[in-house]
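Thank you all for coming.

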Amino acid sequence: MLEEDPGGLAARIVGFCRFAREKGFGAGVTETLDSLTAARTLPSTDREALQFALRSELCSSKEEWDRFEELFEEFWGGNHGRKPRPRLEAQRRQEERSTWALIVNSGNSGPRAEEETKRVSGASLHERLRRADFSEVPQSDQEALERMAERLMKRASFRLSRRLTNSESETQVDLRRTIHRSIGRGGDPVELRYKGKKPQQARLVILLDISGSMSLYSFFLLRFTHALQKHFRKASTFVFSTSLVDITGALRREHLPDAMKRLSRLAAGWTGGTKIGKSLREFNERYARRTLTSDTLFMILSDGWDTGEPAALAAELAAIKRRVKKLVWLNPLLALDDYEPVTQGMAAALPYVDVFAAAHSLDSLLDLEKHLMR
Amino acid sequence: MVRGFQELGYVLDRALATAIYLLIKLGKPLLIEGHAGVGKTEVAKVLARLLGAELIRLQCYEGLDVSSAVYEWNYQKQLLAIKIQERTDETVEEKVKHIFGLDFLLERPLLRSIRAANASPVLLVDEIDRSDEAFEAFLLELLSDFQISVPEMGTLRATYRPYVVLTSNRTRELSDALKRRCLYHWIDYPSLEKETKIVHTRLPQIQVELSTQAVRWVQALRQMDLMKPPGVAETLDCVQALSALGKDRLDREAAEETLGCVSKSAEDTAKIKSEGIEKILSQ
């Protein structure tokens with residue numbers, strides 16, 4: 001079919017590129033032209049070769065690579081090409097939420113007290129949502145909040161990762177410019193030129209509490225850590241309730257739903273309850289040596305409800321504190337008016353914490369930027 | 001081409017063959033992504049041997065900079081030259097021109113790749129995701145125009161365009177600009193037949209039964225959600241280890257003795273053992 005009509009083929013390829021662009025591929029003018037050239041260069045333009053060639057030209061990531069075959073089938077037709085069911089954005093989010101609900105094993109992770117909160121709309125919605133406590137956002141506004149969270153966190157974590165570089169480091173002689181300068185003096189490097197060292201990015205270690213008491217917050221906090229980890233090259237993320245699990249690898253997916261799927265497999269057998277002290281000891285025994293350095297930023301996201309021994313928690317925190325640059329504790333309960341860090345665990349932890357801040361709303365998470373820069 | 005690769009010990013499927021064909025014909029760089037140990041780097045090596053071209057390799061790492069990737073001036077030689085020139089009547093401008101000439105330039109991989117004198121070399125930029133954004137941006141200039149600008153000298157152009165292969169382990173998202181300039185190919189873990197074929201091609205002296213068993217074993221491990229799933233390189237290691245130990249079949253004992261070939265972290269080893277080696281083997 002393709003070989004018979006080379007002129008028609010070119011038009012079809014252009015059409016396909018437009019089709020791919022509509023589906024979110026980066027198939028601009030350059031890619032279209034390149035695809036045409038590629039198709040012309042091929043020794044045989046059977047369907048398979050064409051598919052491979054166009055795939056090489058138009059894809060630029062694993063995600064696109066995986067979607068391509070379906071796309072190709074859909075456009076070029078063929079009896080075995082089945083029509084893909086359009087996945088709605090809302091449906092995807094719903095899936096993410098339910099996966100997460102499964103992971104934290106709380107069964108009821110939906111927002112409580114729906115009737116207590118007033119519905120808001122229009123421009124004020126944006127402002128209100130930014131300040132709203134995650135646990136009090138009505139179901140109907142959850143989607144808007146998640147979209148906003150995605151966008152804002154992306155921006156914030158990107159800025160953060162760029163700022164958290166050590167610029168004050170020793171200098172070394174810049175031979176190139178020194179020699180350039182010395183020519184006029186017969187090659188004697190009288191005047192030395194210096195160059196600064198390349199800034200290094202700080203290391204980030206995040207421990208996220210996913211016990212029952214945190215279930216109203218942990219979904220958003222996970223989104224937050226996903227965004228952070230994306231922009232920090234040296235980041236490690238762990239979740240804990242009664243024991244600790246390394247989720248760095250699972251989170252290293254471009255898309256959160258993929259990451260969630262991996263997480264749900266890791267999560268098998270997790271239970272409620274919090275043993276921060278025990279989890280931290282596990283961290284110190286197994287991971288501390290390879291993740292903690294003197295420029296590490298250590299972040300704990302937890303409400304501090306610990307069913308373990310406070311003294312043990314304090315001892316483990318002290319050990320961590322000695323090895324890191326900054327220890328940050330984010331507590332969603334901090335925003336409550338009557339909250340005082342009197343739970344035994346929290347009280348024992350406070351002496352070792354450099355930054356103790358709230359983490360109940362988008363604004364408070366975005367505020368973190370300010371804390372971390374200091 | 002498939003046959004050519006096969007003769008050099010690389011089992012090539014049609015999709016990758018198409019991508020390499022386009023790389024040669026269109027002169028576009030090829031970006032290969034995939035899990036560790038599936039033979040990304042090998043593509044460039046075999047391609048170079050197939051074309052009879054020189055292979056120039058640049059291993060990326062964090063903090064890789066222009067002076068170790070592109071060029072550096074030979075400072076000692078420059079200092080000497082300045083001393084020698086001291087008594088001549090040349091003006092400062094002439095002296096500058098002299099010591100910033102090609103004779104004083106130390107070629108690093110990227111510069112070497114565009115200065116090839118009689119044939120296009122193969123340039124392998126390995127693990128590009130490990131370098132930083134600044135370096136990636138620099139690489140763009142090279143990949144789009146095949147030229148390098150040296151401030152003191154001007155622009156150097158390639159007489160023979162190198163064939164460029166980039167590999168990435170996806171530890172970081174590469175910039176759109178870079179990805180748009182490249183052909184893309186994703187190498188997945190091979191199927192059972194393909195992996196068996198790879199083992200046969202690479203290690204023809206090993207008995208079929210043993211290598212098939214080893215391939216099944218590794219393929220089962222890949223389903224286990226390990227922290228570092230074994231790649232094809234690990235399969236080959238495992239088969240070689242088995243034959244070095246004089247084993248003719250893979251049983252529980254043999255699997256345990258060679259576990260270090262396929263499991264590369266303490267957590268994974270513990271996980272495999274708790275799952276039961278025998279159970280995995282019998283799958």
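Let me start at the interface, where 26 residues of chain A are in contact with 31 residues of chain B, contact being taken as C-beta atoms, placed from the backbone, that lie within 7 Å of each other. Before I go further, please keep in mind that this is a predicted model, in which local features need pLDDT of at least 70 and side-chain atom pairs count only at pLDDT 80 or more, whereas totals for chains, interfaces and linings use all residues. Residues are numbered from 1 along each chain as its sequence is written, while chains are lettered from A and ligands numbered from 1 in the order in which they are written.

On the side of chain A that touches chain B, α2 (29-41), α3 (47-58), α4 (62-76) and α8 (175-182) of chain A each supply at least two residues, and α3(A) gives the most, with six residues. Helices here are DSSP runs of H or I with at least four residues, and strands are runs of E with at least two, numbered from the N terminus. By class, that side of chain A has nine nonpolar, nine polar and eight charged residues; Ala, Val, Leu, Ile, Met, Phe, Trp, Tyr, Cys and Pro count as nonpolar, Asp, Glu, Lys and Arg as charged, and the others, Gly among them, as polar.

Turning to chain A on its own, we find 16 helices and 10 strands, and buried residues make up 36% of its 374 residues. A residue is called buried if 20 or more other C-beta atoms lie within 10 Å of its own, exposed if 12 or fewer, and partly exposed in between, with C-beta atoms placed from the backbone.

Six strands of chain A form an open sheet in the order β7-β6-β5-β8-β9-β10, with mixed pairing, where two strands pair if DSSP finds at least two bridges between them. At the edges stand β7 (244-246) and β10 (355-358) of chain A, each with a single partner strand, so one side of each is left without a neighbour in the sheet. The twist averages 20° from one strand to the next, with axes fitted as lines to C-alpha atoms, for helices over the stretch in contact, and angles running from 0 to 180 degrees between N-to-C directions. Helix α9 (residues 215-231) of chain A packs on this sheet, touching β5 (203-209), β6 (235-240) and β8 (296-301) of chain A, and its direction makes about 165° with that of β5(A).

In the loop between β5 and α9 of chain A lies A:Met214, which is buried, with 23 other C-beta atoms within 10 Å. Leaving aside residues up to four places away in sequence, A:Met214 touches A:Asp209, A:Ser302 and A:Asp303.

Chain B has an open sheet of five strands in the order β2-β5-β8-β1-β9, with parallel pairing, and its edge strands, β2 (55-59) and β9 of chain B, each pair on one side only. Within that sheet, β5(B) and β8(B) pair in the parallel sense over four bridges, and B:Leu124 stands opposite B:Val165 in β8(B). Across β1, β2, β5, β8 and β9 of chain B lies α3(B), running at about 170° to β5(B).

Which elements do the buried residues of α2(B) pack against? They pack against α2 and α3 of chain A, together with β1 (30-34), α3 (40-51), β8 (163-168) and β9 (183-187) of chain B. Those buried residues are B:Leu16, B:Thr18, B:Ala19, B:Ile20, B:Leu22 and B:Leu23, and just after α2(B), B:Gly27 takes a positive phi of about 70°.

That leads to the cores, a nonpolar core being a set of buried Ala, Val, Leu, Ile, Met, Phe, Trp, Tyr and Cys residues joined through C-beta atoms within 7 Å. Of the 81 residues in the largest nonpolar core, B:Leu30, B:Leu47 and B:Val165 touch the most other members, and α3(A) gives the most to this core, with six residues. A second, separate core of 59 residues includes A:Phe240, A:Leu263, A:Phe298 and A:Val324.

Finally, two backbone details deserve a look. B:Glu127, in the loop between β5 (122-126) and α8 (133-145) of chain B, has a positive phi near 55° although it is not glycine, and B:Phe146, in the loop between α8 and β6 (147-150) of chain B, has a positive phi near 50°.

Definitions and conventions: Two residues are in contact if their C-beta atoms, placed from the backbone, lie within 7 Å.
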